[in-house]
Amino acid sequence: MSEPIIRTRGLSKRFGDFTAVDALDLAVEPGTIFAFLGGNGSGKSTTIRMLIGILEPTAGEIRVDGIDVVHTPRRVRDHIGYMGQKVSLYQGLSLRENVEFYAGLFGLAGAALERRWGALRERFDLAAAEGRRPEDLPAAIRQRAGLALSMLHEPRVLFLDEPTAGVDVRSRSLFWDVIQEEAAGGTTVFVTTHFVEEADSCDWVAFIDAGKLIADAPPEALRERFSDGYRVTVRGGDPRAAAAALTAAGLAVESAPDAVRGTAPGLPPGALAELERLRARQPDAHVEVQQPAMTDVFRRVLTDAPRPA
Amino acid sequence: MSWQRLRTLLRREARASLRDPFTVGILVAVPLLAMVLFGFVLSTEVHGLRLAVLDGDASPASRRLIGDLRATGAFTLVPVRSRDEIELGLVDGRLGGAIVVPPGFGRDLAEGRTPEVNAIYDAAEAVLAGNAEGYVRGVVAATGARLAVRRPASGGGIAVVTSVLFNPTLAGVPFMVSGTFGFVLSFLAVLITAVTIVNERMAGTFEQLQVTPATTLEILLGKLLPMGGVFALDIALMMLAAGLLLGVWPNGSAAFFWIVSALYVLTTLSMGLIFSATSATAAEAVQKTVIFSIPIVQLSGFAFPIRNMPGWLQWVTECFPATHYIRISRAIYLRGEGPLDLWPELLILAAFGALQVTVALRTMGART
C-alpha cells in the first residue's frame, strides 16, 4: 500500500457550540476515486473546505500531497483542483475569457494553454459554448465548463464538491467517464455527491454523519456489511444444475416452484465465473443478478454503523 | 382583507426583524446617532471657537470688550502679540478667528469717535466664518452701546472691519466644491467596492479564486487598482467640471491635489473591501456603507464646521480619514497649500491608508 496522498488525523471543526466535523481520520490512496458521502449538513463541504485550505480547522492534521495544509495552506494550491457546489464562472466574461483568466492565475498561457484547453474543450464538448457568457449557457454546460476549469492546470488531486448536482443524466455520465479517466491517468479524485449510486464508480467510499466518520471501505465491502447481499435468480433450464452452480458460487440456495434463488453477501470474481459457466451450459436458463442498491446500503449504514465515541 | 392573515404576516416580519441584530442595531442606533450628531453639528451657534485677541490698546474699554466676548461662552480667547501669530494660527488650524483692537481704541471711544476693531477669519471655513462674524458683530455692537451710554459724550459705538483669509468673498461654492471631493470619494468608492467580494462569494468565484496560487495581496490589488484607476479619472473630470462650470480651480497645485486624491481613493476602496469581506450578503454590505456615510456627512467637515463642534466630538472627527482628506482638499483648493504645509495631514492620511489596506488584506485572507 502506498503512502496516502490525502491524510487527516483528528480533523475537527467547531462553529461556536456546533461541531461540524468531529475527529475525522481519512486516508486516500493516490490515483483513486474517493467518494465522501453524507446527508445534508453532515460535514462534507466543511471537510472539503478544510482539505483545500480555505477553512481553518479547530483541531487536527491535514496532509495533501505531502503538504501540511493546516500550517501552509497556500502551498497546496498548485497541487489541487477544486470545483465547488457553485460553478465558478465569471458572468459578463465569455467562457473563453474565463478560461484565460484561470489559466493566467496558474501561469498557463500560449501554446501550453491551447494544447490543454483544446483537449478539455473536446472532451467536455464545449467548443460551441466557448464564445458565450455563462449566464447564457444551460446549467449542464456551465457545470461541464466548471469541471474542465478545475482540471485546466493538471492538478495531482481533484476535489469535487457535488459536481453532478443539478445536471442531466447525460452530463452525469460524461462527468463520471472523465473522472475515471483522470483517476486512470494518476489523478486522485476526492468527490462528494448526493447521488449515492455514484459511489459505485468510486474505489473507496466514506460515510460521514453528524461530523463523524461512520463507514470507510470499498463499495463492495460496504455492500457485504450493510445489505442483505446479492440475489441471484435462475429461471428455466435444469433446476438441479442451477442449484449446484449457485452452491458452487458460494450462494445460499433456496428452491421455489418457478425458479432457483441464491443469496450471498458478495459476489467475488470466482462466483461470477461460475454463473457465466452456468449460462454457457444451459442456454435456456435466464440468470438474473440483483446487486444491493447503494441507496439501501447508505440507509443501513446510517442506522446500523457504530458511532465513534 | 383577513385580519388573521395580516396578523400572521406582521408576526413573521417582526420576528425576522427583531432576531437580526444588525437590523435591530440600525433601527435603534442610527436614528439616535443622527439625532445626537445633527444636534451638535447642525447648530448655527458658536461654541468655544478659539479666537485670537490682539489687544493693541490695553485700556479699560478694550478689556471690557474682550471680557464681553469671553462672557458669551462662544469663544475661547487666545491672547497673541502680533498679526503674524494670528495668520500662523489660522493657517495651521489652531485658531478659528481673531480680533484686533487698535491702539487708541479707548480714547477714540471716549472722545465720541467710532473706533474700528478688526475681525479676522479663515474663510476657507465659510460656514464657521459666517457664524462667528455674526457673533462678534453682536457682542461688539452691544459693548459699544453700553460704553456709549456710560459716556454720553461718545456718540458712535464701535465699528467692526472684517478681514478674511483665503476666501475673501466668503463664497460658499469653493468651500463646498473642495468638500465634495471628500464626500464623493468616501461614499461612492466604498459603495462600489462594498459589493464586489460579497457578490463573488455568493457566485462561488471568490472561493475558486482562493484555491488558485493568487495571493491575497494580488487579489486585493486586482480589485483596488482598476477601480482606483476609474476613480482617478473621476477626480480629474470632477476637477474640470468644478473649474469649467463653477469657476472653482485649485489655488494650489492641481497635480498634487490629484495625486493625494487618487491615493485617498485606495484608502476608501480598502474600506469598501473590508465591508464586503465581512458581509454575508450584498444588502448587508450596502447597509454598512450607508451607515459609514452618515458620519462622513456629519462629522468630517464636509458640510458642517468641525471647529464649531464640542471638543470631544472634534477628537472623534479626527478618527475619520475623510476629515483629513477634506482638510487637505480645502487647504489645496482654498489656501493653495502644498506638501510642505500639509505633511502632518498627509502623514495621518497615509497612516489611515496603510491601516485600512492591512485590515482589508487580513479580512480578505482570513480562513473562516
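Which residues of H8(B) meet Leu273, Ser276 and Ala277 of chain B in H11(B)? In this predicted model, the residues of H8(B) that take part are B:Thr196, B:Ile197 and B:Val198, which meet B:Leu273, B:Ser276 and B:Ala277 in H11(B). By class, this contact of H8(B) with H11(B) has four nonpolar, two polar and no charged residues. Helix H8 spans residues 196-203 of chain B, and its axis lies 7 Å from that of H11(B), with the two helices packing at an angle of about 35 degrees.

Helix H11 (residues 254-277) of chain B also packs with helix H15 (residues 339-365) of chain B, and here the axes come within 8 Å and cross at roughly 25 degrees. Because angles under 35 degrees count as roughly parallel, H11(B) and H15(B) are therefore roughly parallel to each other. Their crossing is left-handed. The residues of H11(B) that meet H15(B) include B:Phe256, B:Leu263, B:Tyr264 and B:Leu273, while those of H15(B) include B:Pro339, B:Leu349, B:Phe352 and B:Met364. By class, the contact of H11(B) with H15(B) has 15 nonpolar, five polar and no charged residues.

How values were computed. Residues are numbered from 1 along each chain as its sequence is written. Chains are lettered from A and ligands numbered from 1 in the order in which they are written. This is a predicted model: local features need pLDDT of at least 70, side-chain atom pairs count only at pLDDT 80 or more; totals for chains, interfaces and linings use all residues. Axes are lines fitted to C-alpha atoms, for helices over the stretch in contact, and angles run from 0 to 180 degrees between N-to-C directions. Helices (H or I, at least four residues) and strands (E, at least two) are DSSP runs, numbered from the N terminus. Angles under 35 degrees count as roughly parallel, over 145 as roughly antiparallel, 65 to 115 as roughly perpendicular and the rest as oblique. A crossing is left-handed if the near helix is turned anticlockwise from the far one by less than a right angle, and right-handed if clockwise. Two residues are in contact if their C-beta atoms, placed from the backbone, lie within 7 Å. Ala, Val, Leu, Ile, Met, Phe, Trp, Tyr, Cys and Pro count as nonpolar, Asp, Glu, Lys and Arg as charged, and the others, Gly among them, as polar.
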